[in-house]
Amino acid sequence: MPRTPRPTPGLPDRQAILDFIATQKTSVGKREIAKAFGLHAQDKIALKSLLKEMMEAGELETGPGRNLHKGGGLPKVTVVRIADTADGQAIAVPDRWDHPGPPPRLRVIEGRRRGAFGLGDRLLARIEEQGSGSVAFPMKALAKSEEYILGILRREPLGWRLVPVDKKARSDLAISDPGDAQPGDLVLAEPSGRPPRVTGRVVEVLGDPFLPRAFSLIAIHAKGIPHRFDESTLEEAERIAEQPLGPREDLRALPFLTIDPSDARDHDDAVWAAPDPDHKGQFRAIVAIADVSFYVRPGTALDRSARSRGNSVYFPDRVVPMLPEILSAHACSLVANEDRAVMACHLHIDADGKLLSWRFTRAVIRCVANIAYEEAQATMDSGAGEFLPVLQPLWDCWAALKSARDKREPLALELPEKRVVLDEQGRIAGIAVREHLAAHQVIEDYMIAANVAAARALEKKKAACIFRCHEAPSREKLLTLRDYLETLGQNLAMGQVTRPAIFNRILARAKEGEHYEEVSQQVLRTQTQAYYTPENVGHFGLSLSSYAHFTSPIRRYADLVVHRSLAAAYRLGDGGLHAEEDKTLSKTADHISMTERRAMEAERDTIDRYVASYLSTKVGEVLKTRITGVAKFGFFATVEGLGGDGLVPVSTLGEERFVFDEDARILEGTESGTRYVVGQRLDLRLVEASPITGALRYELPEGGSESRPRGRVRRGFTPRPGQSRVPPGVRRGRR
């Protein structure tokens with residue numbers, strides 16, 4: 001039994017403390033108790049002793065931030081996990097429960113966010129007692145990466161340590177409880193405590209980090225990407241995949257084709273076109289898209305799972321799909337010679353590529369073939385092949401669409417798309433650049449036409465829509481680009497209406513010169529990031545006033561919402577947009593914009609890890625590189641033809657002082673004139689390659705200024721009237 005403290009004037013007894021904590025709606029600590037009971041000096045010392053004894057007796061426990069709560073109960077603020085969503089009511093359980101018996105089940109009060117949380121979602125929540133049970137009021141949605149740390153477990157003389165895989169992490173984490181993990185395992189650890197006494201416990205063992213195919217798994221966990229479907233979602237998918245297609249427009253007589261990459265895992269769009277028999281020079285085209293909204297209905301487990309993911313994520317060795325495989329690769333995939341449900345966008349296109357009219361129907365099609373871009377291109381180049389009669393009218397109609405695109409002058413950035421080539425063991429064999437064929441542009445222009453039609457159709461109906469928006473560059477970014485172009489002797493006039501054509505002219509002038517690649521990168525950096533929103537602000541890059549994503553509902557939740565809105569607006573049957581969904585479109589748009597950025601980061605980080613793994617066998621070698629970025633602390637370089645950015649710290653460049661010219665993105669020596677600029681090619685020695693973090697580090701082959709490129713005046717620099725002939729960022733004087 002705990003020792004009863006000697007009565008102290010003003011000190012509350014045990015029951016008074018428990019009653020006080022139970023009545024508070026916010027977190028309670030020693031400070032709040034002392035203030036509530038008016039304690040001073042010695043009373044506070046006695047309170048500390050009493051609280052310690054109550055914790056030892058199990059009457060009190062500590063939660064996040066050393067806050068107190070009743071023993072065996074829940075903190076006022078804690079992390080919970082959604083465990084059930086039956087009948088539309090989210091039920092949560094504590095994320096950690098260290099007491100005998102099952103964890104308490106908490107009703108989640110979602111307010112206007114009803115239906116926003118899916119199974120497995122983790123939330124920071126405020127806990128309140130109501131009636132015979134407890135309820136959770138969500139405060140913040142959490143990803144694993146916000147609470148857990150992913151890393152490699154090490155055993156050292158002083159104990160266990162976790163080496164984080166995130167190259168931005170500043171230090172290792174001491175591990176107090178490794179569980180069943182072994183040294184060298186890739187693990188998830190949960191940190192606790194406050195600096196400088198932060199420790200962690202292993203909560204999940206993921207295995208050997210150096211095994212092939214581990215790099216994408218690292219990114220999945222590091223970014224908190226949902227990658228497992230719960231049983232209720234899988235069971236629901238199995239059930240609805242077998243449902244009959246119902247009454248639909250029958251388009252099975254038309255020879256639809258899907259044209260995709262040769263390694264495509266699914267087929268969600270098919271196309272058909274033919275000359276308009278009633279109007280010479282005009283065309284009829286149909287873009288048929290998998291009717292995912294017929295299968296994935298609002299408020300279902302499938303829908304909550306798809307919204308949580310936001311989109312599919314593609315890695316060199318795997319895909320994390322938005323929908324279970326029985327839908328994404330089977331029931332909703334437009335495979336050849338099988339009846340498939342589609343949302344059909346019927347387009348009437350004139351000889352100049354203008355969309356004269358459009359309509360949307362739910363239909364059934366039967367594709368005649370699934371072919372690759374290369375096969376379609378080879379057929380058109382040779383003028384012969386089994387599918388030439390189907391492809392030729394597609395190309396003829398595309399000539400009109402291309403004419404309209406050329407008149408719009410969308411942004412014409414030509415950035416090579418790279419793909420990782422793996423061997424049979426899953427190791428990187430190299431980096432290949434995807435060849436860009438006319439066939440790619442053909443399909444892209446049909447998809448753009450359908451996306452425009454969907455956006456305009458919903459605007460005309462005054463129906464809800466999630467638009468794909470891309471805003472014009474800010475003035476600040478344009479000024480940065482102007483300053484950079486001046487270093488190359490080019491001019492960017494300010495004050496004019498900013499249009500994509502302005503950037504196209506900049507790119508055209510640089511096309512034949514040695515700086516085209518770096519100019520392209522600078523133009524890319526000037527652009528804003530596209531995003532999803534219910535408010536239409538247009539798409540700057542495509543030079544379109546109305547644009548939505550309609551053509552990939554298998555892998556993007558935005559497209560699924562657009563399909564539902566079309567189904568509701570045009571009365572196309574079940575699966576239309578619900579009124580509750582309409583109210584939360586802004587939150588949905590923000591969420592899927594985030595998941596898109598998350599996927600891009602995960603895909604990029606995974607490729608970095610594959611490249612670092614490939615280069616880890618070449619540490620010590622001198623490689624041909626190209627500078628991709630410059631900063632005041634050094635510059636980044638990538639191996640020519642392979643990729644993977646690595647840092648050359650300015651501290652390794654010798655004793656000379658280097659100054660960073662932010663406008664021109666140049667590091668320049670104050671005495672020698674040695675300079676490092678984006679796009680510059682040079683030989684560098686690889687000194688570090690970490691497959692776990694994807695980090696690379698280079699140095700000059702011999703070190704010192706003898707191996708550096710020289711030149712006091714920056715190329716293309718012309719001083720303005722009254723300006724010093726020393727380029728900006730270079731200062732005369734001592735090191």
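**Chatting through a predicted model**

Me: Which residues of H13 are buried?
Reply: Leu 478, Leu 481, Asp 483, Tyr 484 and Leu 485 are the buried ones in H13. Keep in mind that we're looking at a predicted model.

Me: Okay, and what do those buried residues of H13 pack against?
Reply: Two helices: H14, covering 500-510, and H15, covering 516-526.

Me: How many residues does H13 have, and what is its reach?
Reply: H13 has 12 residues, running 475-486. From the first C-alpha to the last, H13 reaches 16 Å, which is close to the 16 Å expected at 1.5 Å a residue.

Me: Switching to strands. Which ones make up the closed barrel?
Reply: Five strands do, in the order E3-E4-E5-E7-E6, and their pairing is mixed. Going from one strand to the next, the twist averages 50°.

Me: E7 and E6 sit side by side in that list. How many bridges join E6 to E7, and do they run parallel or antiparallel?
Reply: Nine bridges join them, and the two strands run antiparallel. E6 spans residues 122-130, while E7 spans residues 133-142.

Me: Which residue in E7 is the bridge partner of Ala 125?
Reply: That would be Pro 138.

Me: What about the surface of the chain?
Reply: Its accessible surface comes to about 35,600 Å², with 49% of that belonging to carbon and sulfur atoms.

Conventions:
Residues are numbered from 1 along each chain as its sequence is written. This is a predicted model: local features need pLDDT of at least 70, side-chain atom pairs count only at pLDDT 80 or more; totals for chains, interfaces and linings use all residues. Side-chain values use heavy atoms; hydrogens and water are left out. Helices (H or I, at least four residues) and strands (E, at least two) are DSSP runs, numbered from the N terminus. The expected span of a helix is 1.5 Å times one less than its number of residues. Buried means under 20% relative accessible area, exposed over 50%, partly exposed in between (1.4 Å probe, protein chains only). Contact means heavy atoms within 4.5 Å. Two strands pair if DSSP finds at least two bridges between them. Axes are lines fitted to C-alpha atoms, for helices over the stretch in contact, and angles run from 0 to 180 degrees between N-to-C directions. Accessible areas come from the Shrake-Rupley method with a 1.4 Å probe; for residues, only the protein chains shown count as cover.
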